[in-house]
Amino acid sequence: AGITELVINHAWLGAQIEAHLGDGARFGVSIAYSPEGEPLETGGGILRALPLLGEQSFILLNGDIFTDYPFAQLNRPLSGLAHLVLLDNPSHNVQGDFTLLANGQLVDAQPGQPSLTYSGMALLSPQLFAGCQPGAFKLAPLLRRAMAQGLVSGERYAGRWVDVGSLERLAEAEQLVAGA
């Protein structure tokens, strides 16, 4: 996908992740680490990692998903503050998160309107975090504020994706990997 510089934000078992992956040279990439210490939620973790991420837009990928999404598609210039990859609503989030408008813009899910679920994959601008203070905070309120300004776009992805946030969904991802 042309991605050679990675920043891994971690809290739980972070030392094991660093020991296993090292500096990334054996994978042909460069890896920097942003340890949280105390849990900071997604927004707080990204804010802490921003000095390592630089001033350009960056790809955000949650560490607890399995997908075959073509990441080269996200490795592109960003217009606005965020571009989110969305999915049809899985059984663990049937009401969805956002509505994708015909012009590609995102708005908060509206009753009676089709909605999609945020996949944990995005292209973000560091400017999304302007004015944020260090500490724990969620990413969603920042996204919703930017949506209200028309600065968040999205795309629907229909490929493989599993959120491995439960033992059942982890088993599903393991079956997909074994079958590949």
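Which handedness does the β-α-β unit made by β1, helix α1 and β2 have? It's right-handed, with β1, α1 (residues 14-21) and β2 as its parts. This is a predicted model, where local features need pLDDT of at least 70, side-chain atom pairs count only at pLDDT 80 or more, and totals for chains, interfaces and linings use all residues. Residues are numbered from 1 along each chain as its sequence is written, and side-chain values use heavy atoms, leaving out hydrogens and water.

**View 1. β1 and β2 side by side.** Strand β1 (residues 5-10) pairs with β2 in the parallel sense, over six bridges; pairing takes at least two DSSP bridges between the strands. V7 sits opposite A32 of β2. Helices (H or I, at least four residues) and strands (E, at least two) are DSSP runs numbered from the N terminus.

View 2. E36 is in the loop between β2 (30-35) and α2 (41-53). E36 is buried but has no salt bridge, and R48, the nearest side chain of opposite charge, is 6.5 Å away. (Buried is under 20% relative accessible area, exposed over 50%, partly exposed in between, using a 1.4 Å probe and protein chains only; a salt bridge puts a side-chain nitrogen of Lys or Arg within 4 Å of a carboxyl oxygen of Asp or Glu; Lys and Arg count as positive, Asp and Glu as negative, with His and the chain ends not counted.) The E36 side chain does reach the backbone nitrogen of L40, at 2.8 Å.

View 3. E38 and R48 join in a salt bridge, 3.7 Å from N to O. E38 lies in the β2-α2 loop and R48 in α2, so this pair ties together parts 10 residues apart in sequence. K138 bridges to E41, with the closest N and O atoms 3.4 Å apart. Here K138 comes from the loop between β8 and α3 (140-148) and E41 from α2, so the parts tied together are 97 residues apart in sequence.

View 4. Six of the six residues of β5 (residues 82-87) are buried, so the strand is largely enclosed by the rest of the structure. A82, L84 and L86 point one way, H83, V85 and L87 the other. β5 pairs antiparallel with β8 (residues 117-124) over five bridges, and runs parallel to β9 (residues 152-156), also joined by five bridges.

Terms used: Polar contact = N/O pair within 3.5 Å; in protein donor to acceptor, adjacent residues only side chain to side chain. Right-handed = clockwise from strand over helix to strand, strands pointing away.
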